[in-house]
Amino acid sequence: MKRKNIVAFEPVGRIMEETGALRVSHDAKVTMADYITEYALDIGKLAIKYAEHAKRTTVTAKDIKLAQKNL
């Protein structure tokens with residue numbers, strides 16, 4: 001079963017436009033949103049592990065930054 005995308009397509013299109021794209025197809029937005037969602041979920045899972053290792057239930061910005069660095 002395919003998971004519903006968490007990241008909205010239109011902001012992804014704006015991100016792509018910020019990188020210089022003049023036009024972005026719907027399929028490209030969907031694909032980029034899928035990648036962003038997967039990356040964010042991976043960072044979140046690792047950040048939770050860091051918080052648990054520190055015996056905390058709250059994930060902090062430090063956990064997120066560390067997870068992103070080590071992913």
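Predicted model: local features only at pLDDT ≥ 70, side-chain atom pairs only at ≥ 80, totals over all residues.

Residues are numbered from 1 along each chain as its sequence is written, and side-chain values use heavy atoms, with hydrogens and water left out.

Two packed helices are described by the angle between their axes and the distance between the axes.

Start with helix 1, residues 9-18, and helix 2. Helices here are DSSP runs (H or I, at least four residues), numbered from the N terminus. The axes come within 9 Å and cross at roughly 95 degrees. Axes are lines fitted to C-alpha atoms over the stretch in contact, with angles from 0 to 180 degrees between N-to-C directions. So helix 1 is roughly perpendicular to helix 2 (65 to 115 degrees). Contact means heavy atoms within 4.5 Å. Helix 1 brings Phe 9, Glu 10, Val 12, Gly 13 and Met 16; helix 2 brings His 26, Lys 29, Val 30, Met 32, Ala 33 and Ile 36.

Next, helix 2 and helix 3, residues 61-70. Their axes come within 8 Å and cross at roughly 120 degrees.

Last, Lys 29, in helix 2, residues 26-53. Buried or exposed? Buried, because its relative accessibility is 13% (the cut-off is under 20%, with a 1.4 Å probe and protein chains only). Not counting residues up to four places away in sequence, Lys 29 touches Phe 9, Glu 10, Val 12, Gly 13 and Val 24.

Note on methods. Helix = DSSP H or I, 4+ residues; strand = E, 2+ residues; numbered from the N terminus. Buried < 20%, exposed > 50% of the residue type's maximum accessible area, 1.4 Å probe, protein only. Parallel < 35°, antiparallel > 145°, perpendicular 65-115°, else oblique.
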